[in-house]
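The following exercises are to be worked through with the sequence and the three-dimensional view at hand. Each task is followed by a solution in steps.

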Amino acid sequence: MTAAFPPLIELRGVNKHFGPLHVLQDIDLTVGRGEVVVVIGPSGSGKSTLCRAINRLEPVDDGVITIDGRPLPAEGKGLARLRADVGMVFQSFNLFAHRTVLQNVTLAPLRVRKRPKEEAERRALDLLDRVGLADQADKYPAQLSGGQQQRVAIARALAMDPKALLFDEPTSALDPEMINEVLDVMRGLAREGMTMVVVTHEMGFARASANRVVFMADGRIVEDRAPEDFFTRPSSARARDFLSKILEH
Amino acid sequence: MKVLIDNWSTYWHGFLATLWLTLVSAALALVLGVLVASCRVSPVRPLRVFGTAWVTLLRNTPLTLLFFIVVLGLPRFGITLPFFTFAVLALGCYTSAFVCEVLRSGVNTVPAGQGEAARSLGLSFGQTLGLVVLPQAYRSVVAPLGSVMIALAKNTAIAGSFSVAELLGSYRTINELGYGIVWTFVWIAVGYLVITLAISALFNGLERRVAVSR
């Protein structure tokens, strides 16, 4: 199934411990270029850690993670360069509180990509327009709603022209009526062929936009299948149990 | 008042010397403090060890002892400098340990997610600290930094015992001329008060500016 997508992100035999807790156990995962992989699972299953390991916000104990064929370098310039190519969207948005919306989006293009100011601002305004927030460019993050902040965060990640985007529970901190405005943006990105790894509890998004669903439990990948297969015929008892709990209401 | 008017030039020179000593030492303390704080929060272990050692050593040494070490110790290694420079070194290094800890506690008030977001965009450690974390830490460090600077201003008095002309030391000259000891010291105290209140006012102003820009 992944044959249609040349591999972009690969994890091989990845293990990670938090003290005695074995949070990632022998993880093997390939994400193809242009593929949307949704990671779901009960809390504490290691799905956020998996997502954060891909750009080494969480260093792993052993195993190999490669992006575009290159193994993740150790902390330093090489890692920074790699992170510039892999965007990340956080549960708590993490917009820079002391900078305006526009400055949030232009900071990395200016300082990391060394783009000229006018070009960075023009592109930032385009991206803000795309997420429906061009009119908020001069506000500070605290003046925006959660949904707006998360859309700015997506624009900020896109401003670096990333090869892939990581979403770590992007809608979990949002009020229900704001979830859709963020998912709309994400659905748009998925349609355009952005490579995405999405940790989420939004089963509707997984069903409609994912190429694959990865189900994790207790630090292991239990299932890795097409969404329709997974939601209609989960093969493991663990997944059946999980789905019965979240899909009933 | 007579003491002050008669000895105005002695007081004035002492006052200026103390002010200058405070300013130069403060500049050194701030620069070193930022560098050492950067070491203490850096991902590189040897730098963290260095930062911790710096703070532990300097913060726990009596300042007078530090003066002795600098003034008597450095010349043994062939380093001979003007007494003023020795005093700036002692005061600046000593105060940098306190500045570092104030900055570090400020850095810790900035949510971890801010640094993670910066790093995930490809900013280097230095850029993350300088462009994202420290500017946000600034708000919470202004007030305690003011206290550290006031302590520094008062600590300059120790330099007087090490052949540096400064405000407190001016009592010797005035005393030798036979003026009353109490009033001599009252006017010296007023001189320190002028400097420390000026520092207070400066930091209150900074605090207000930060509050407005929030």
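Angles under 35 degrees count as roughly parallel, over 145 as roughly antiparallel, 65 to 115 as roughly perpendicular and the rest as oblique. The model is predicted, local features need pLDDT of at least 70, side-chain atom pairs count only at pLDDT 80 or more, and totals for chains, interfaces and linings use all residues. Residues are numbered from 1 along each chain as its sequence is written, while chains are lettered from A and ligands numbered from 1 in the order in which they are written.

**Exercise 1.** Determine how α3(A) and α5(A) are arranged relative to each other.

*Solution.* Step 1: locate helix α3 (residues 101-111) and helix α5 (residues 146-158) in chain A; helices are DSSP runs of H or I with at least four residues, strands runs of E with at least two, numbered from the N terminus.

Step 2: the two axes come within 8 Å and cross at roughly 25°, an axis being a line fitted to C-alpha atoms over the stretch in contact, with angles from 0 to 180 degrees between N-to-C directions.

Step 3: α3(A) and α5(A) are therefore roughly parallel to each other.

Step 4: Val101(A), Asn104(A) and Val105(A) of α3(A) meet Val152(A), Ala155(A) and Arg156(A) of α5(A), where contact requires C-beta atoms, placed from the backbone, to lie within 7 Å. The residues of this contact comprise four nonpolar, one polar and one charged. In this classification Ala, Val, Leu, Ile, Met, Phe, Trp, Tyr, Cys and Pro are nonpolar, Asp, Glu, Lys and Arg are charged, and the others, Gly among them, are polar.

**Exercise 2.** Describe the contact between the two domains of chain A.

*Solution.* Step 1: chain A is divided into domain 1 (1-85 + 196-249) and domain 2 (86-162), with bounds from an automatic or database domain assignment.

Step 2: their C-alpha centres lie 26 Å apart.

Step 3: domain 1 of chain A gives seven residues to the contact and domain 2 of chain A gives five. On the domain 1 side, helix α2 (residues 77-84) of chain A has the largest share, three residues.

Step 4: that side of domain 1 holds four nonpolar, one polar and two charged residues.

**Exercise 3.** Which helix of chain B gives the most to the side that touches chain A?

*Solution.* Step 1: 16 residues of chain B are in contact with 20 residues of chain A.

Step 2: α6 (112-120) and α7 (125-155) of chain B each supply at least two residues of that side.

Step 3: α6(B) gives the most, with six residues.

Step 4: by class, the chain B side has seven nonpolar, seven polar and two charged residues.
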